[in-house]
Amino acid sequence: MDFFSDNPQLRRFLKQVVIMGAALLLVALVLKLAGVHYNDALLTVGFGTLAIVAFFLDRLFPAPADAPMGAIWNFAMRLTGYSAAVALMGALFVLQHWPGGKPMLVAGGISLLACGLVWLFYIIKKNNNINT
């Protein structure tokens with residue numbers, strides 16, 4: 001285990017950061033839909049906060065050391081976190097009309113689809129191990 005998983009105060013703090021980042025993002029999206037100008041900083045901070053936390057998803061929820069399929073779990077969490085971070089940054093770039101947003105969004109979406117396949121493999125494999 002590492003510093004992230006052994007520190008409950010840090011995990012509680014990161015949950016609060018996610019809630020605040022999501023709330024900030026929702027406010028920024030409502031302001032953008034309402035046509036309010038100069039809300040770009042709120043949008044950037046909201047998406048950036050969620051992307052940074054998603055990037056560390058594998059370290060926040062690691063598999064136990066003695067887990068039979070811990071390697072698959074850790075790989076799936078890492079792939080999901082990285083894919084979600086890229087997809088969030090792609091969405092930010094598309095909403096801000098910055099160059100490179102659509103390729104980032106496509107790459108994040110395709111890799112999130114791959115994550116879904118890895119998670120499906122993990123669930124099927126885990127159910128087969130439980131039934132046997």
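Biologist: Hi! How many positive and negative side chains does the protein have?
Modeller: Hello! The protein has 9 positive and 5 negative side chains, with the centres of the two sets 7 Å apart. Lys and Arg count as positive, Asp and Glu as negative, while His and the chain ends are not counted. Each charge is placed at NZ of Lys, CZ of Arg, CG of Asp or CD of Glu.

Biologist: Where do these values come from?
Modeller: This is a predicted model, where local features need pLDDT of at least 70 and side-chain atom pairs count only at pLDDT 80 or more, while totals for chains, interfaces and linings use all residues. Residues are numbered from 1 along each chain as its sequence is written, and side-chain values use heavy atoms, leaving out hydrogens and water.

Biologist: Thanks! How many helices and strands are there?
Modeller: There are five helices and zero strands, taken as DSSP runs numbered from the N terminus (helices: H or I, at least four residues; strands: E, at least two).

Biologist: And where is Leu117 found?
Modeller: Leu117 is in helix 5, residues 101-131.

Biologist: Is Leu117 buried or exposed?
Modeller: Exposed, with a relative accessible area of 54%. Exposed means over 50%, buried under 20% and partly exposed in between, using a 1.4 Å probe and protein chains only.

Biologist: What share of the protein's residues is buried?
Modeller: Buried residues make up 32% of the 132 residues.

Biologist: Last one: what are the dimensions of the box that the C-alpha atoms fill?
Modeller: Roughly 60 × 35 × 20 Å, taken along the principal axes.
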